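This report is for a reader new to the structure. Please look over the sequence and the model before reading on.

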Amino acid sequence: MTKHIAILTSGGDAPGMNACIRAIVIAADRQGYQVSGYLRGYNGLLDDQRIKLTCERMHNLLQQGGTILHSARCKPFATHEGQQRAANNLTSAGIDTLFIIGGDGSFRGAHALGKLWSGQIIGLPGTIDNDVAGTDATIGYYTAIETAVSSIDKVRDTADAFDRVFLVEVMGRHAGFLALNAALASASDYVILPELFEDEEKTLAQISKQIKQRQQKRGPVSYVIVLAENVWPGGINDLCERLAKRSEMDAKPVILGHVQRGGTPVSQDRILAVKLGTYAVSLVGTAVSGVMVGTNEHRSVTVPLPQTWEKTKALDEDSLTTMTTLMNHRYK
Ligand code: ADP
């Protein structure tokens, strides 16, 4: 009997989600599976809002940012009643396998659903934050680095022209992957990361000392700081004001915000998305369920869903060492 699989995209949207949907639909079609897409994350599952996904619909989709299924958060799904309704709807619709493309929040929801629904559940990591354990990278992460880097390059131009201090806030939720790699690739002067942040006064002292040292050597200088969101207790404006006072320089805040979620996916995200989508379809009908598919040193792997949030994914030590060497500041 042919299988009926369903896909939804949930939580923070990420470039490459469409590429992943496309890979799933095409790989499923090769097997003769029927594919449906639930709209707006778990909301579509609760309201049984479903569309048919065909190969024809996948034409020219790989390079498009966003998600044709739309994404959303869904408070009712976080309750037992909501999950039970979702399970009932999946059973009524005759779904055999549910693919959830999202971050760790969406996977927590998927795990809870798995206790109430006997069908197969497979998660695919889609978030710009890269904060999902069990996979080398998440779909959307590389594009977000690229977007941040090209923005910081532009900030650098104006910082140089005016010999100004700029603070650029990047996303990442509570993880520093995006901030660290955006700082490395843009030759930023300093980066403030959640994993390493200790103390406001210490950070202010380090930055202003370094600015003064550079001024003594070179005269007027620019200085670009990458700040990961949710780290500085008083927010970016507070940091700007305090830094301007200390360093006696003009300091400007730039919040990159949701621009980091958009855009056409870069090739690394496209490749990751199509690899994981295809691998996920190869698991349909097997006993593997309640897992996320990911990559470990470029090989496709499956990881039990709880491991994606119970373990904290560590920043790459080599990148940290590189940053410390090139940016000439010490955290420890
Ligand atoms: P992301 O998947 O990007 O981490 P969220 O954390 O916002 O995004 O989660 C997306 C959705 O997943 C939530 O709106 C909710 O419906 C569901 N969800 C999140 N956490 C849980 C949880 N602990 N239990 C059940 N459902 C959850």
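## Domains

Domain bounds here come from an automatic or database domain assignment. The model is a predicted one. Its protein chain is divided into domain 1, made of 4-140 + 265-310, and domain 2, which covers 142-261. Between the C-alpha centres of domain 1 and domain 2 the distance is 35 Å.

## Contact between the domains

Domain 1 brings 16 residues to the contact and domain 2 brings 12 residues. About 1,300 Å² is buried between domain 1 and domain 2, with carbon and sulfur atoms giving 52% of this area. On the side of domain 1, Ile128, Asp129 and Val266 supply 38% of the area buried against domain 2, which is more than any other three residues.

Four salt bridges are found across the interface of domain 1 and domain 2. Nine residue pairs, both at pLDDT 80 or more, are in polar contact across this interface. Where domain 1 touches domain 2, its residues comprise six nonpolar, four polar and six charged. A salt bridge also joins Arg173 and Asp131, whose closest N and O atoms are 3.8 Å apart.

## Thr325

Thr325 belongs to helix 11, which spans residues 317-327. Is Thr325 buried or exposed? Thr325 has a relative accessible area of 57%; exposed means over 50%, so Thr325 is exposed.

A polar atom of the Thr325 side chain lies 2.7 Å from the backbone oxygen of Thr321. From Thr325 to Ile122 the separation is 203 residues in sequence and 41 Å in space, taken C-alpha to C-alpha.

Note on methods: Residues numbered from 1 in each chain as written. Predicted model: local features only at pLDDT ≥ 70, side-chain atom pairs only at ≥ 80, totals over all residues. Heavy atoms only, no water. Contact = heavy atoms within 4.5 Å. Buried area = accessible area lost by both parts, 1.4 Å probe. Salt bridge = Lys/Arg side-chain N within 4 Å of Asp/Glu carboxyl O. Polar contact = N/O pair within 3.5 Å; in protein donor to acceptor, adjacent residues only side chain to side chain. Nonpolar A, V, L, I, M, F, W, Y, C, P; charged D, E, K, R; others polar. Helix = DSSP H or I, 4+ residues; strand = E, 2+ residues; numbered from the N terminus. Buried < 20%, exposed > 50% of the residue type's maximum accessible area, 1.4 Å probe, protein only.
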